[in-house]
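Please walk through the features of this model one at a time.

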Number of protein chains: 2
Amino acid sequence: MTTQLVPTPRTKLKRRAQRGSFDREVVNAILDEGFVCSVAFLHDGKPCVIPTLYARGGDFLILHGSPANRMLRSLCEPGHEACISVFHADALVLARSAFHHSINYRSVVLYAQAEEIVDPDEKLEAMRVVVEHVVPGRWKDVRAPNLEEFRGTLVLRLPIVEASAKIRDLGVIDDEADLELGCWAGLLPLSTRFGTPQPDALLRADTPVPAYVSGYTRAR
Amino acid sequence: MTTQLVPTPRTKLKRRAQRGSFDREVVNAILDEGFVCSVAFLHDGKPCVIPTLYARGGDFLILHGSPANRMLRSLCEPGHEACISVFHADALVLARSAFHHSINYRSVVLYAQAEEIVDPDEKLEAMRVVVEHVVPGRWKDVRAPNLEEFRGTLVLRLPIVEASAKIRDLGVIDDEADLELGCWAGLLPLSTRFGTPQPDALLRADTPVPAYVSGYTRAR
């Protein structure tokens, strides 16, 4: 059984409500496919948006960075709620009229108050979740953070509660009268392509490429 | 000769300033490669971010949508500045330590007050620019907007003046002491892949796929 998130005035779609979803599995699947989000926050009373890496750990979104990071510090202040969006473009939709051109996409929007993870065990686990979110299988192979790195990283969590997904997964929707026009119409799919791994110049030549790199993919 | 945009306290990088660029050509190239931006705006005094399609027309960013679109209406209000970001991920950077993992990317951030394009000629031209930005060559083949569609589209322009680019285009940067670790390190490049065009089910079978669709690419 899937869990339904509770709609709020901010997450409820005003128009084309059928494109919205409050299904936690739908939201999670979109979050799990990506690793870069756009974080909107207030700075001197004005809106700012910064792209940043994220991970999902259970029912929380995890952000991290330098303790000097203006955005992260701002998000920690009580009453300074963030709005975060994640977006995947799936296809260009080429209609017979300019007006009906569109794109197919899946997106999530999340409103939440961030909280710093201060407990050392929880913080280390969140750092592991970040690495494993971006490159599953990586954590066991790399040197874990030392004390200086650990202290030099600010880690925040934001509850995935006030969130919703918005999806367009349709074909071309043309006016009846335009169907006779001679121009091509259809979808041009797009996706993220992962290329050939490029070993670091200082890597020992006999170091095998791990399967999690050579077979890297984002679950869809 | 390239034009330099004037840095402001908001667009000047506080840390790692060498990753920033105020070169208009650099900014334009990043904007021209993409077509989806994240728009941050204020709603009831709180920050919101919504992904939306954009186009670049000269020194302006163009947004469009329904006149009922809350975000677009909000951006038109005097004093309601938008912050817009565009982001391209280029590679995952896998270091030998968890801490030095990173991503290579190119991004642009823009602060601007939006203005509705009301002059009919300018508005139609902006609509053409939007279609041509996303699918160059498309406009001449499709039915232009009729009066109802024209009136039913709100088109905004935002001057690309207070803007900057931020770029990471580096290899793995590991601590000297970690170079002896046996794990693989390097870059995993990523890019957008455009797939096989899928003709609309109602398309006449003898309709050729235009070269701008079969050979679709985003200039890099």
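The dialogue below goes from the single chain to the pairing of the two chains.

Q: What kind of model is this, and how are its parts numbered?
A: This is a predicted model, in which local features need pLDDT of at least 70 and side-chain atom pairs count only at pLDDT 80 or more, while totals for chains, interfaces and linings use all residues. Residues are numbered from 1 along each chain as its sequence is written, and chains are lettered from A and ligands numbered from 1 in the order in which they are written.

Q: How many helices and strands does chain A have?
A: Helices (H or I, at least four residues) and strands (E, at least two) are DSSP runs, numbered from the N terminus. Chain A has five helices and eleven strands. Its C-alpha atoms fill a box of roughly 70 × 50 × 40 Å, taken along the principal axes.

Q: What share of chain A is buried?
A: A residue is buried if 20 or more other C-beta atoms lie within 10 Å of its own, exposed if 12 or fewer, and partly exposed in between, with C-beta atoms placed from the backbone. Of the 220 residues in chain A, 39% are buried.

Q: Which contacts in chain A link residues 24 or more positions apart, as a percentage?
A: Two residues are in contact if their C-beta atoms, placed from the backbone, lie within 7 Å. Among the contacts in chain A with a separation of 6 or more, 71% are between residues 24 or more positions apart.

Q: How is a helix read, taking helix 3 of chain B?
A: An α-helix has 3.6 residues a turn, so residues three or four places apart point the same way. The expected span is 1.5 Å times one less than the number of residues. Helix 3 of chain B (residues 120-134) has 15 residues and should span 21 Å; its end C-alpha atoms are 22 Å apart, which agrees. Its buried residues are B:Lys123, B:Ala126, B:Met127, B:Val129, B:Val130 and B:Val131. They pack against strand 3 (46-57), strand 4 (60-65) and strand 8 (154-159) of chain B.

Q: What are the pairing partners of strand 8 in chain B?
A: Two strands pair if DSSP finds at least two bridges between them. Strand 4 and strand 8 of chain B run antiparallel and are joined by six bridges. Strand 7 (residues 115-116) of chain B also pairs with strand 8 in the antiparallel sense, over two bridges. B:Leu156 in strand 8 stands opposite B:Leu63 and is the bridge partner of B:Glu116.

Q: How many residues of chain B touch chain A?
A: 75 residues of chain B are in contact with 75 residues of chain A. The largest share of the chain B side, nine residues, comes from strand 10 of chain B. By class, that side has 48 nonpolar residues (Ala, Val, Leu, Ile, Met, Phe, Trp, Tyr, Cys and Pro), 13 charged (Asp, Glu, Lys and Arg) and 14 polar (the others, Gly among them). The copies meet through the same surface, because 100% of the interface residues of chain B are also interface residues in chain A.

Q: Which strands pair across the two chains?
A: Strand 10 (residues 186-194) of chain A and strand 10 of chain B pair in the antiparallel sense over five bridges. In that pairing A:Ser191 has B:Arg193 as its bridge partner, and A:Leu190 stands opposite B:Phe194. Strand 10 of chain A also pairs with strand 11 of chain B, antiparallel, over two bridges.
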